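User: I've got this chain open on my screen and I'd like to talk it through. Can you help me read it?

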Amino acid sequence: MFRNSPRWVSKGSGKFISSLLSRSNLGCRKYACVSDLTKYPKPGDKLYGFTLKRAKHVPELELSALHLQHDQTGAEYIHVARDDKNNVFSIGFKTNPPDDTGVPHILEHVTLCGSEKYPVRDPFFKMLPRSLSNFMNAFTSSDHTTYPFATTNRQDFNNLLSVYLDATLNPLLTADDFLQEGWRIGPEDPSRAVSGEAGSEGQDKDNNRLVFKGVVYNEMKGQMSDASYLYYVKFQDHIFPSINNSGGDPQRITDLTHGQLKKFHADHYHPSNAKIFTYGDMPLGDHLKEIGSVLDKFEQIAGDTEIRDPISLEDGPKFVTLKGPIDPLMDKDMQFKTSTSWLMGDSSDILEAFSSQILSSLLLDGYGSPFYRGLIEAGLGPEWSPNTGYDGSGKRGIFSVGLTGVKEANVPKVRESIAKTLQDVRQKGFDKTKVDGLLHQLELGLKHKTANFGMGLMQRLKPGWFNGVDPFDALAWDETVAAFKEKYTKGGYLEELLDRYLLNDKTLVFTMEPSAIYSDGLAAEEAARLATKIAEITKQAGTERKAQEALQRQELNLLEVQEKARNQDLSCLPTLHVRDIPRQKERKEVRHSELGDVKVQWREAPTNGLTYFRAVNTFGNLPEELRMHIPLFTDAILRLGTKDKTMEQLEDLIKLKSGGIRAGYHSSTSPVDLGTYSEGLVFSGYALDRNVRAMYELLRTILLETDFSSAEAESMIRQLLQGAASGAVNSIAESGHGYARRFAEAGLTSEGRLKEEIAGLSQVRLTAELAGRAPAEGLQDVIEKLKAIQQFAIVGGSTMRTAITCGAESVSHNEKELQQFLSSLPQGTAPLATGTESKFPNNGKTFFPLPYQVYYTAQATRTVPYTHPAGASLQVLAQLLTHKHLHHEIREKGGAYGGGAYSRGLGGVFGFYSYRDPNPLNTMKIVRESGAWARERQWTERDIEEAKLSVFQSLDAPKSVSSEGMTLFLEGVTEEMAQARREQLLDVTERDVGEAAQKYLVEGMDKRNLAVLGETSGWVKADDGWEVLDLGMAPAAVSEEELLAADAASKGGS
């Protein structure tokens, strides 16, 4: 797990319901309820250096909150007591960035590289394999930084608490760590610094150029390749100019000094500037004793409590237009992004902020929403802009509406249509049915149980807490909903909010226009900046040669520090042990029955009156041309509507009667045979027990009655395709290693091929081709394929299997409703493939040219099925390679944001990957030699133990009640298989690891597949075995004006 970039994500509309109201697995035991406030001190009482200021019980969330303050430093502390074994800790600091150098983000990284109590290199990553945590990370947000973890093990909690507190409050902040994590200038290939010879394959001595390096620097270069991120962060620069770019702009990161970093820590990372959060069933007194003993060593200072405001729009409208990159998968005439934004009320007004979220959902959610119909359906653009929705994380709420993929002539029309849509809504008012649907979703949210409630609660409370929102007000859920209902019932409340905030021209209109040379301009600016920095170093050193030698020494020194850390004594770090892992996993009992020819799996568990439904309709050997259209089919059935009902009407019913209905593609490899696989469509939904019949009827309706022949069907499908294509480049920029992995695996197993066709670069290419079709060409052939899929999508025969999770009290009711649903389905089977399937490389090297400043790599090789004894050894080996070798070589030395190994137990694949990687050649060399390295390594008992702990972090992570039994239902893994695998993992030895490395990574290297995504480079040569596959991202035409601008940038101009 890697430290996140700034959490600047678009606050998409409608997402707040599920995120705010997820619940944990455990209900409160009446006889020993940890949320019973009578068990806690009273307000004014003192304990371990803290004073309890207030306490509040929140029955609807089955929790109690206690607000404390540290007497000596003023640190604020919220403890949420709840009968949930998945305990959470977080310490956060207000970190208003002083500039765009990314000092909060770089400090987040360097802070975790070593501390006074734990003076080892990078204890954060060293703790990952010494823990059973199910979450460890750190987040840099726009104006605060947070360090959270979650674990179910009490000793683990105490271990991590000690490491996190010392890391944040007493970090070493060495110059070497700043160079590694922040930025430096050094040779592109780190191996050259040692050998002085030609480096990795395909390079020569003349290519050993100096470059900017650093983990955060490369991370943010990758972020800037994501056009959605770029649009959002530039929008934030203009709506919130008082808050600089906390993540860091690469053009400014290289201005940051080590001294400035240390000063920023001294000023901000202090208990007086901290907000601490704990959650779960562990005793508050234990937390206070440990935390208080650390905080007592500090004296109070003046913290950074400034809550910064956005710009004033009282003299609006204000217009801002900037240049941005071309989206090569979109039509060349649909390259503009534009949005209109308003300032809303103060976020500390919980009722109004909640009501604003409701208002945003009513305006934006679903295909029948006013803005969807007025903007996207009207053909002005295929997808929302990244900032669309209500954002209540700052001092004042911000509401934005915009589009991507807009034609230049339509940019002013978007703004006009937004204004017209708001006027129409004001005139017609809001449909009570839609409001009732949202309130029903709130009811379901309170009942729906999840495994990560505490972490979700922390992430919801912290942003507001840092910006003046009272956390107790934010927790008062029933009070807020009741107050909203009271105002809404009186009439005109939502319309009043429209009048107050949106029906005016006090707006910021933010537009990004395309530049075909945007990426070239970035490269030119970087080259000019690098030359300036090297000139400064040369001036200080006296000669160019001495400057080169100084930079070489710096790189060598850093490499030496990094190398010494490989074998560093880690005895000061706390750890768990394999003996802490139970050998026998708790079984979740399921039973099986049949309704006609349909097999049914039952999981009876406390569900708070909810029924969870899943079904898989299995196909035989589906023709590829139909399979690749399944993603479009599953989108279309939730878009087109039927002959009797519009999609808007169906969406209203779905919200009123269920927690959501979903359909998607499913494939799985047999746990006992890699040559056997299954594929099909999977359906899911959940509802209150009383609404199960309505949920089934809605599912049947959308699957069987969606009207693909309507007059509007083709235009709606075109909009879906354009929307998918619009986001594809940014999706790859965010998760390029995932796409590389899927392609690398595609030629190894049948399921690998299926996943690539459904969710890989092959699907991206198809989507882009269809989205780019001329209207005159039409999409009738596509529609015919969607109709063909509809004929066999869901049936009531033997190819269908279902799973029900419900309370014991509703089993008979559910059996009756399920029987009725199945009897209403048609009979039939999917057609069988008759032609040849696409062939993917086996032992191939494939390069995908993409417009990014960094690379994504993956290598994969076929291994063994889930039940094979070697599978456990491979899983342990993947963790050993990641933590003991690849992280060190690819991230620390190579400067990539991330890299590692993985073993896909249920897919029979072992692989490697790197993420936002500036030096893929170095990475590929390291990966190629990893098998021999692992074989020759003398693994210690501690090494093996840490790798096993890493495996069991995810294996034993808490699961939501709705997911219990799903590994059996979806993948065919029985309790006996899972228990055998568990024992195999616990029993893996050093010899097993060495044998696995030899057989599958050394001997199996000639059966590997390699995939790389990134900017075309000279080392990609057919003579070296590379095949280049173009996704259709042809370079755009460049105007004379843009060429002049690029030339100016390369010479140091603007």
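## Walking through the chain

Over residues 512-770 the chain is 53% helix and 18% strand, with the end C-alpha atoms 25 Å apart. UniProt lists that stretch as "domain: Peptidase M16C associated", in an unreviewed entry. Keep in mind that this is a predicted model.

User: What radius of gyration does the chain have, and what would a compact globule have?

Analyst: The C-alpha atoms fill a box of roughly 80 × 75 × 65 Å along the principal axes. For 1054 residues, a compact globule would come out near 31 Å, and the chain agrees with that, at 29 Å.

User: What share of the residues is buried?

Analyst: Buried here means under 20% relative accessible area. Of the 1054 residues in the chain, the buried share is 60%.

User: How many residues of helix 28 are buried?

Analyst: Helix 28 runs over residues 761-771 and is mostly covered. Its cover includes helix 23 (630-636), helix 26 (713-746), helix 27 (750-759), helix 29 (780-792), strand 24 (845-849) and strand 28 (1009-1014). Among the buried residues are Leu-761, Val-764, Leu-766 and Leu-770.

User: Is Glu-964 buried or exposed?

Analyst: Glu-964 sits in the loop between helix 34 (941-955) and helix 35 (966-971). Leaving aside neighbours within four places in sequence, Glu-964 is in contact with Lys-588, Arg-603, Ala-605 and Thr-805. Its relative accessible area is 10%, and the cut-off is under 20%, so Glu-964 counts as buried.

User: Which residues does the cis peptide bond with omega of about 5 degrees join?

Analyst: Look in the loop between helix 11 (284-295) and strand 12 (318-325), where Pro-317 lies. With omega at about 5 degrees, the bond is cis, and the residues joined are Gly-316 and Pro-317.

User: What is the phi of Tyr-48 near?

Analyst: Tyr-48 lies in the loop between strand 1 (46-47) and strand 2 (50-58). Tyr-48 counts as partly exposed, because its relative accessibility is 41%. Its phi is positive although the residue isn't glycine, with a value near 50 degrees.

User: And Asn-608: what is its relative accessible area?

Analyst: You'll find Asn-608 in the loop between strand 19 (598-604) and strand 20 (610-619). Asn-608 also has a positive phi in a residue other than glycine, near 60 degrees. Asn-608 is partly exposed, and its relative accessible area is 30%.

Terms used
Residues numbered from 1 in each chain as written. Predicted model: local features only at pLDDT ≥ 70, side-chain atom pairs only at ≥ 80, totals over all residues. Heavy atoms only, no water. Buried < 20%, exposed > 50% of the residue type's maximum accessible area, 1.4 Å probe, protein only. Helix = DSSP H or I, 4+ residues; strand = E, 2+ residues; numbered from the N terminus. Contact = heavy atoms within 4.5 Å. UniProt positions renumbered as here; feature names shortened; annotations may be inferred. Rg over C-alpha atoms; globule rule 2.2 N^0.38 Å.
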